[in-house]
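Here are some exercises to work through with the model open beside you. Try each one before reading its solution.

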Amino acid sequence: MSEPTSDFPVQGNDGEDSSISMIDIFTLPDSLRHLLSWMLRKGEVTVQEVAQHLKQEESIVIPMLEELVEDGMIRVRQVGEERRYRVLLAHKSNRRVSKDIWSVLD
Amino acid sequence: MAKIVSVHSFRGGTGKSNSTANIASTVARHGHRVAIVDTDIQSPGIHVLFGFDDEKIERSLNDYLWGRCAISDTAYDVSQVLSHSPTQAGGKIFLIPSSLKAGEIARVLREGYDVGLLNDGFQELIENLQLDYLFIDTHPGLNEETLLSITISDILLLILRPDRQDFQGTAVTVDVARKLEVPKMLLMINKALTSYDFDAMRESVQQTYNVPVAGIMPLSEEMIQLASSEVFCLRYPDHPLSKVIESVAQQVMA
């Protein structure tokens, strides 16, 4: 059995106090919901792909993506020269008890 | 490019898992590589149709979601179920079951899990298993996980019974799916009494939701008798019900 790969270095908010839930995405304004839904389907996207999808110049798309990173809705990782963005989905809930506690039921 | 097919219903008991197993198996019989992920973590069940019980499930989706293993390690090759039916070359079916252990289910209910990890897992499965189709058997109703499944679907297949509660709930789900821009939606009516006029029902439902009805499954005594012990269309490939399943599968693959 292989171990799951560790997460990659990211910029932007990452953690339980940031990120976005699916219900948040559902209630966003149309244009933002459209973008984040598309990004969820794609998994990880580059600036060029976003620009192409939105039919916008990269110069317009970059600050928009960086603002979403700042807001904790998406995260970015640097791969060589390229910045790749993905939606930062929230944990369903915070874990408050030992992860082993439920084994008493098994 | 692989297609993600979410099979969903607003209410429980619509025959969602049975339909998923049957349609996915039919798609696999057409020579495709198919996986089914049981994301109904709170009340898993589809494993039963492939002959699994809690003793046989060594690794489950839960293990992946809690970081104990890679998601591909939780995939079981269940293609042997296809061995008694004519299957085109290359047809494979994998199952990613959810845990049946009470403690694991309780943990999900109490703590939830990382929904983003679920999305990553789907992509990993598509790549590692070289899938043509990934079927997601969802939990009924709308919540974080089902919204994710709906959002990332290439095809959303909604199962409903000819029942007013199902009709209303399906209307809500169709609205949600439209808002989330799901590229293709299909409806399947299940457990319809044979005394109904199926053509009139199809017409009326299609008009109401403006979504194609991929098939109407009559309430079947043979299906009830099988009691989820096997995949119906593989056991009775020439049964009229299997023909409906074939038709739905064709529309999924179209």
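A pocket is an open set of points on a 1 Å grid over the protein atoms alone, with protein on both sides within 12 Å along at least five of seven lines, and its lining residues have an atom within 4 Å of a point. This is a predicted model, where local features need pLDDT of at least 70, side-chain atom pairs count only at pLDDT 80 or more, and totals for chains, interfaces and linings use all residues. Residues are numbered from 1 along each chain as its sequence is written, chains are lettered from A in the order in which they are written, and side-chain values use heavy atoms, leaving out hydrogens and water.

**Exercise 1.** Find the second largest pocket and work out which element gives the largest share of its lining.

Step 1: look for a volume of about 390 Å³, meaning the space filled by probe spheres set on the points.

Step 2: go to the centre, where B:Thr14, B:Gly15, B:Lys16, B:Asn18 and B:Lys191 are the closest of the 25 lining residues.

Step 3: check the elements that give two or more residues, namely α1 (16-29), β7 (184-192), β8 (213-218) and α8 (221-226) of chain B.

Step 4: sort the lining by class, and you get 10 nonpolar, 12 polar and three charged residues. (Ala, Val, Leu, Ile, Met, Phe, Trp, Tyr, Cys and Pro count as nonpolar, Asp, Glu, Lys and Arg as charged, and the others, Gly among them, as polar.)

**Exercise 2.** Decide how α3(A) and α4(A) lie relative to each other.

Step 1: locate α3 (residues 47-54) and α4 (residues 58-70) in chain A; they pack at about 110°, with axes 9 Å apart. (Angles run from 0 to 180 degrees between N-to-C directions.)

Step 2: since 65 to 115 degrees counts as roughly perpendicular, under 35 as roughly parallel, over 145 as roughly antiparallel and the rest as oblique, α3(A) and α4(A) are therefore roughly perpendicular.

Step 3: see who touches whom (heavy atoms within 4.5 Å). From α3(A) come A:Val47, A:Gln48, A:Val50, A:Ala51 and A:Leu54, and from α4(A) A:Glu58, A:Val61, A:Ile62, A:Met64 and A:Leu65. That contact has eight nonpolar residues, one polar and one charged.

Definitions and conventions:
Helices (H or I, at least four residues) and strands (E, at least two) are DSSP runs, numbered from the N terminus. On a 1 Å grid over the protein atoms alone, a cavity is a set of points where a 1.4 Å probe fits but cannot get out, and a pocket is an open set with protein on both sides within 12 Å along at least five of seven lines; lining residues have an atom within 4 Å of a point.
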